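Reader: Hi! Could you walk me through this one?
Author: Happy to, let's look at it together.

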Amino acid sequence: MKNKGLLVVISGPAGTGKGTVVTELQKSGNVCVSVSATTRSPRAGEVDGRQYHFLTREAFLQMIEENGFLEYAEYVGNFYGSPKKQAEEWMQEGKDVILEIEVQGCQQVKKNYPSCISIFILPPSEEVLEQRLRGRGTETEEVIQKRLARAKEEMPLSKEYDYVVVNDRLEDCVAEIAAILQKEKSKA
Ligand code: 5GP
């Protein structure tokens, strides 16, 4: 019988570079990355259906009603959720699925899918985190401050995760996570 794929939650404060880490893991070709739905507006260069499915608040609430999410949460004034159908299909096909989501979402996934694997990515320091958030150059000062405050709240929650990985050098961080996934697959 074919094994079901792993469900892997990756979290970390905004600015840890987790998006880049996930993109690199995806390039390795061994994992599927869930495309979340959100009510936030697209940033420059973001394409509907690629980084996110950009939904109105009404459409998002409708999807909640229809039980269409594995998990969802409100984050700095917007809703974010992982569509259930695609992720479950991939897992049934034996593919490993990555959810790049924040901490409240991870708590829901752990409750509903206890066999999931959770990984928290930390920045090397708070200074580096702030530099990375500012370096993005896409957010207002108010949003940067809110995201920094949220990051400080989230970091202690890393202890609820199965693994904590520091993203200092990108290649090392990606290699470390790939090794974790390999180890977990051999256990499954
Ligand atoms: P951003 O607006 O920077 O793209 O994302 C903000 C936060 O929302 C990040 O921590 C990201 O991981 C999280 N996020 C993205 N998609 C989802 C989702 O589907 N569910 C939850 N709970 N969080 C998400």
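Author: First a term: buried means under 20% relative accessible area, exposed over 50%, and partly exposed in between, with a 1.4 Å probe and protein chains only. This is a predicted model, where local features need pLDDT of at least 70, side-chain atom pairs count only at pLDDT 80 or more, and totals for chains, interfaces and linings use all residues. Residues are numbered from 1 along each chain as its sequence is written, and side-chain values use heavy atoms, with hydrogens and water left out.

Reader: Thanks! How many residues of strand β1 are buried?
Author: Five of the five residues in β1 (residues 7-11) are buried. Strands here are DSSP runs (E, at least two residues), numbered from the N terminus.

Reader: And which residues sit on each side of β1?
Author: Leu-7, Val-9 and Ser-11 are on one side, with Val-8 and Ile-10 on the other, and both faces are covered.

Reader: Which sense does β1 pair in with β7?
Author: Parallel, over four bridges, with β7 covering residues 96-100. Two strands pair if DSSP finds at least two bridges between them. Ile-10 is opposite Glu-100 of β7.

Reader: What about β1 and β8?
Author: β8 (residues 117-122) also pairs with β1 in the parallel sense, over four bridges. There, Val-9 has Ser-118 as its bridge partner.

Reader: Switching to the ligand: which residues come nearest?
Author: Ser-36, Arg-40, Tyr-52, Tyr-80 and Glu-102, out of 16 residues around the ligand. A residue is near a molecule if one of its heavy atoms lies within 4 Å of it.

Reader: What does the side chain of Arg-40 do there?
Author: An N or O atom in that side chain is 2.6 Å from an oxygen atom of the ligand. For Glu-71, a side-chain N or O atom lies 2.7 Å from a ligand nitrogen atom. A polar backbone atom of Gly-81 is 3.0 Å from a ligand oxygen atom.

Reader: Which elements give two or more residues to the shell around the ligand?
Author: Those are β5 (69-75) and β6 (78-83).

Reader: One more: where is Thr-39?
Author: Thr-39 is in the loop between β3 (36-38) and β4 (52-54).

Reader: Why does Thr-39 count as buried?
Author: Because its relative accessibility is 16%.

Reader: And what does the side chain of Thr-39 reach?
Author: One of its polar atoms lies 2.9 Å from the backbone nitrogen of Phe-79.

Note on methods
Polar contact = N/O pair within 3.5 Å; in protein donor to acceptor, adjacent residues only side chain to side chain.
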